[in-house]
Amino acid sequence: MKFWLTLIGLLLAPAAFAAPGLDAVTVNPDGQGGQTYTLSIQVLLFMTALSLLPAALIMMTSFTRIVIVLSILRQALGTAQTPSNQILVGLALFLTFFIMSPVFSEVYETAVAPYLAEQLPADQALAAAEKPVRQFMLAQTRDDDIALFARIAGYENIQTEADVPFSLLMPAFATSELKTAFQIGFLLFIPFLVIDLVVASVLMSMGMMMLSPLIVSLPFKIMLFVLVDGWAMVMGTLATSFYV
């Protein structure tokens, strides 16, 4: 529950925090004995923020790198739809919560909880919530990607990390995550590719060209992956890659 409150606190606009409560409907007399009903703008902004939660979870956390690496691993194993997409997304989601829990906890303690206790105004709460998220994203973002988007956007006064605007940091972070995910996926693919090449060469030398090498190599790849405790290695490597 703390994670969802944290993400909602990150995405809500200052106007959504203007009132201590969110009045769903306002009833006003129309001067003719009737009444008009007006939907509160705070509720509208609140629902808009909820709709942005999936995009924030994907593009501002470790989710992108994890789900891409797991998808490439499945392709390297050659197991088609095993594990299924639902399982891969679930693994990526829970591993994301594990990796991001220090960031979410810091955001909750320094921004969301003080705001809910009415100890901080909205603008200060948002500024406090941005700091740990910015630190995490900057640690995973390449300087070349920041420079690329700074050049595209026309920012010329970026001297330190504090000068990087959040609107520039988000696409740079997403680009860096894609690069890192494909680099890790490439390294995972190599041993399985070697097995495929060896099996294909053996089958060709035996004249068994009608037999698909994938059918023969699949048991060997699964056996190798199980013997080296592949899932634990992949999960551990992904988790530690964000804090190295």
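1. A word on terms before we start: a residue is called buried when its relative accessible area is under 20%, exposed when over 50% and partly exposed in between, using a 1.4 Å probe and protein chains only. By that rule Phe-192 counts as buried, at 5% relative accessibility. Please keep in mind that this is a predicted model, in which local features need pLDDT of at least 70, side-chain atom pairs count only at pLDDT 80 or more, and totals for chains, interfaces and linings use all residues. Residues are numbered from 1 along each chain as its sequence is written, and side-chain values use heavy atoms, with hydrogens and water left out.

2. Here is the overall picture. The protein has nine helices and two strands, where helices (H or I, at least four residues) and strands (E, at least two) are DSSP runs numbered from the N terminus. Along the sequence they follow the pattern α-β-β-α-α-α-α-α-α-α-α. Of the 244 residues, 36% count as buried. Taking contacts between residues at least 6 apart in sequence, 70% join residues at least 24 apart; contact here means heavy atoms within 4.5 Å.

3. Back to Phe-192, which sits in helix H7. Which residues does Phe-192 contact, leaving aside its neighbours within four places in sequence? They are Leu-73, Ala-76, Leu-77, Lys-221 and Phe-225. Phe-192 is also 9.8 Å from Gln-75, C-alpha to C-alpha, although 117 residues separate the two in sequence.

4. Lys-221 deserves a look of its own. The side chain of Lys-221 reaches the backbone oxygen of Leu-77 at 3.3 Å. That pair can be read against the rule for a polar contact (N or O atoms within 3.5 Å; within protein, one must be able to donate a hydrogen and the other to accept it, and residues adjacent in sequence count only if both atoms are side-chain atoms). Beyond its neighbours within four places in sequence, Lys-221 is in contact with Ala-76, Leu-77, Gly-78, Phe-192, Ile-195 and Asp-196.

5. A polar atom of the Thr-64 side chain lies 2.5 Å from the backbone oxygen of Ile-58. Not counting residues up to four places away in sequence, Thr-64 touches Ile-58, Met-59 and Leu-178.

6. H3 also packs against H9. Their axes come within 11 Å and cross at roughly 155°, which makes H3 roughly antiparallel to H9. For reference, axes are lines fitted to C-alpha atoms, for helices over the stretch in contact, with angles from 0 to 180 degrees between N-to-C directions. Angles under 35 degrees count as roughly parallel, over 145 as roughly antiparallel, 65 to 115 as roughly perpendicular and the rest as oblique. Arg-65, Ile-66, Val-69, Leu-70 and Leu-73 of H3 meet Trp-231, Val-234, Met-235 and Leu-238 of H9. By class, these residues divide into eight nonpolar, no polar and one charged; Ala, Val, Leu, Ile, Met, Phe, Trp, Tyr, Cys and Pro count as nonpolar, Asp, Glu, Lys and Arg as charged, and the others, Gly among them, as polar.

7. Next, helix H4 (residues 85-116) and H5. The two axes come within 8 Å and cross at roughly 170°, so H4 is roughly antiparallel to H5. The contact of H4 with H5 has twelve nonpolar, one polar and one charged residues. Among them are Met-100, Val-103 and Tyr-115 in H4, and Pro-132, Val-133 and Phe-136 in H5.

8. H5 (residues 122-140) has a further partner in H7 (residues 166-205), where the axes come within 9 Å and cross at roughly 40°. H5 is therefore oblique to H7. Eight nonpolar, two polar and three charged residues form this contact, including Glu-130, Val-133, Arg-134 and Phe-136 in H5 and Phe-166, Phe-173 and Glu-177 in H7.

9. One backbone detail to close. Most residues other than glycine have a negative phi. Asp-229 has a positive phi, near 55°. Asp-229 is found in the loop between H8 and helix H9 (230-240) and counts as partly exposed, at 47% relative accessibility.
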